[in-house]
Amino acid sequence: GVDLACDPPFGPHLVCTNLPSNRWLILPQRTKSGHEIIVGIGHRGSRFTAAARDKEHRYQQYEVPHENSKVARETSAYHGAAQNGYTVLPEMTSTSISVKNLTVQFDTDQGPLIAADDVSFDLAPGRTTCLVGESGCGKTVTALSILRLVPPPGRIVQGQVLSGERDLLELGDKELRRIRGNEISIIFQEPMTALNPVHTVGTQVVEVLRTHQDLGRRSASAKAKQVLEMVGLPAEDRFDAYPHELSGGMRQRVMIAVALACRPSVLVADEPTTALDVTIQAQILDLLGRLQTDLGMSVLLISHDLSVVAEVGDEIVVMYAGQVVESAPTETLFLSPRHPYTTALLKSIPRPRPGQDHRLATIPGSVPNLGRLPSGCRFAERCPHAFATCHREVPTLDQLPDDSAHLVRCYLVKQ
C-alpha cells in the first residue's frame, strides 16, 4: 500500500510503501523536463533500487550501487538516476537496532549467574537511548552482547539483536567482524586499558580504517588525521603520540575517533565521561552530540550519572539486577517515575540548596547477588513500599494503561 502525507503549504512530501522484501523511503522530486516524479530507494543486499513515476503514472526502475561504493559514480545506472533528479538515499527504518528478550548467563563454580535477564529495547536513528542503574545491574553486559563481545565464561543463551533483517547473534564470525567498528562501534569504559599502550594513537585509528575500508596506508593516515581533528585533537601534534602521553580527556577523544572513523550508524558509549572532571565531561558530551547530528547515528549511552542522562537522552531504560524495571522517554521518566527504584535514583541526585543543610538521599542495602536472587521482585528487599506479593511473585514489564511508551515492572502500578 501507499500512504501519502501532506503538509498544506508544500503539498505531498512523503510517500512510503512496503514491498515484500524491501523497505522504501520515497521523496517527490522533479526531473529537468518538469515531470513530477516519486523516487524510492530500497535496500536489496548491497544494491539499491530507484523507482520513478511520471505524470502518466508510468514507473521506471534502476539498480543503483550503494553511494559509498567505489564504482557508484562510474555506472550508467547511477548517472542515469542522478541526471534525472534522483537522490540516492540509504535505507530508512524506524529502528537501527532492536534488542529482543536478551538473556546473558555466566557459568561459575557456584552455578549460573544471569547478568541480563530478558532485556528488550530499541535504538532509533538519530536518537540517544540511555541504560542507567547501579554498578552490577547488567548495563555493560547488555551493551557488549550487541556485538557478541561478552567475555567467557559469559554466553548469550537467548534473544535477538536485529539490525534490519539481520540477527547479529546468528551471524558468522567473519561477517560480524565486518560490522564491528564499521556499522556499529563502541567506546569502551576505560580508555587507558582499551587503547594499546605500545602503538601511537594515529596507528590505532589507521588500523580501523584499513580493516574496514579499501584504503592504502597513505590514504588511511590522511583520513585518520581528519578524524582526530574532527574530535578536537590537533593531528599534527598528537598523531604520533602514545596513549600515556595524553590526558584523560584526550584519551577519551581518541577512543571516540577510533569508534567513529568509519562513520557507523550505531554507537555504543559505555560510561564515556567516567573519571573526567565536569569541564571535560561537558566537552565530550557536546562533541558526541554534534557528531551524532552530523552523522545521524543512533547512540546507546551507558551511565550511572542521571544528570548526564537528563542532558543527552531521548529514551531511558532503567536496569536493576539484570532486568529492565522501567523504560520511558526522558521527560516522562524524570517528571513521572513509576518504579520505586527509579524514584530512589532520582532522589539521590545532589541538589545544592544555599543556606540549608541537606542530607543526600541513599538507597539502603545493595544489588542482590545474581547467584542468589530473591523469589519475587528483585528490588523488594530495598523497597519501602513492598508488600507480600512483591516478595512472592516476579512482576512482569508492562505498559501503563495511559501511556504505551512507558513500561514498568512493579506491582504498585498494577494495583
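# Helices side by side

Biologist: In this predicted model, at what angle do H8 and H9 pack?

Modeller: Two packed helices are described by the angle between their axes and the distance between the axes. For H8 and H9, the axes lie 10 Å apart. The packing angle of H8 and H9 is about 15°.

Biologist: Are H8 and H9 roughly parallel or roughly antiparallel?

Modeller: The angle to judge is the one between H8 and H9, about 15°. Angles under 35 degrees count as roughly parallel. That angle therefore makes the relation of H8 to H9 roughly parallel.

Biologist: In the contact of H8 with H9, how many residues are nonpolar?

Modeller: From H8 come Gly-249, Gln-252, Arg-253, Ile-256 and Leu-260, and they meet H9 residues including Ile-280, Gln-283 and Leu-287. H8 passes H9 in a right-handed crossing. By class, this contact of H8 with H9 has one charged residue, three polar ones and, for the nonpolar class, eight.

Biologist: H8 also packs with H5, so to speak on another page of the story; how far apart are the axes of H5 and H8?

Modeller: H5 covers residues 201-212, and H8 covers residues 248-260. The angle between H5 and H8 is about 20°, which means they are roughly parallel to each other. Their axes are apart by 8 Å.

Biologist: Which residues of H8 does H5 meet?

Modeller: H5 passes H8 in a right-handed crossing. On the H5 side, the contact is made by Val-201, Gln-204, Val-205 and Val-208. By class, the contact of H5 with H8 has six nonpolar residues, one polar and no charged ones. The H8 residues that meet H5 are Val-254, Ala-257 and Val-258.

Biologist: What about H5 and H6: at what angle do their axes cross?

Modeller: H6 spans residues 217-230, and its axis comes within 9 Å of the H5 axis. H5 passes H6 in a right-handed crossing. The axes of H5 and H6 cross at roughly 115°.

Biologist: How many charged residues are in the contact of H5 with H6?

Modeller: Arg-210 is one of the H5 residues in this contact, and Arg-217 and Lys-223 are among those in H6. Arg and Lys count as charged. Beside six nonpolar and two polar residues, the number of charged residues in the contact of H5 with H6 is three.

Biologist: Let's turn to the backbone. Is the peptide bond from Pro-152 to Pro-153 cis or trans?

Modeller: Most peptide bonds are trans. Pro-153 sits in the loop between helix H2 and strand E10. With omega near 10°, the bond from Pro-152 to Pro-153 is cis.

Biologist: Is the phi of Glu-271 positive or negative?

Modeller: Most residues other than glycine have a negative phi. Glu-271 is found in the loop between strand E13 and helix H9. Although Glu-271 is not a glycine, its phi is about 50°, that is, positive.

Biologist: What is the volume of the largest cavity?

Modeller: Rolling a probe the size of a water molecule over the atoms shows where empty space is left. A search of the whole structure finds one cavity of 30 Å³ or more. Of its 13 lining residues, the closest to the centre are Pro-340, Cys-377, Cys-383, Cys-390 and Cys-410. The volume of the largest cavity is about 80 Å³.

Terms used: Residues are numbered from 1 along each chain as its sequence is written. This is a predicted model: local features need pLDDT of at least 70, side-chain atom pairs count only at pLDDT 80 or more; totals for chains, interfaces and linings use all residues. Side-chain values use heavy atoms; hydrogens and water are left out. On a 1 Å grid over the protein atoms alone, a cavity is a set of points where a 1.4 Å probe fits but cannot get out, and a pocket is an open set with protein on both sides within 12 Å along at least five of seven lines; lining residues have an atom within 4 Å of a point. Grid points are joined across faces, edges and corners, and a volume is the space filled by probe spheres set on the points. Axes are lines fitted to C-alpha atoms, for helices over the stretch in contact, and angles run from 0 to 180 degrees between N-to-C directions. Helices (H or I, at least four residues) and strands (E, at least two) are DSSP runs, numbered from the N terminus. Angles under 35 degrees count as roughly parallel, over 145 as roughly antiparallel, 65 to 115 as roughly perpendicular and the rest as oblique. A crossing is left-handed if the near helix is turned anticlockwise from the far one by less than a right angle, and right-handed if clockwise. Contact means heavy atoms within 4.5 Å.
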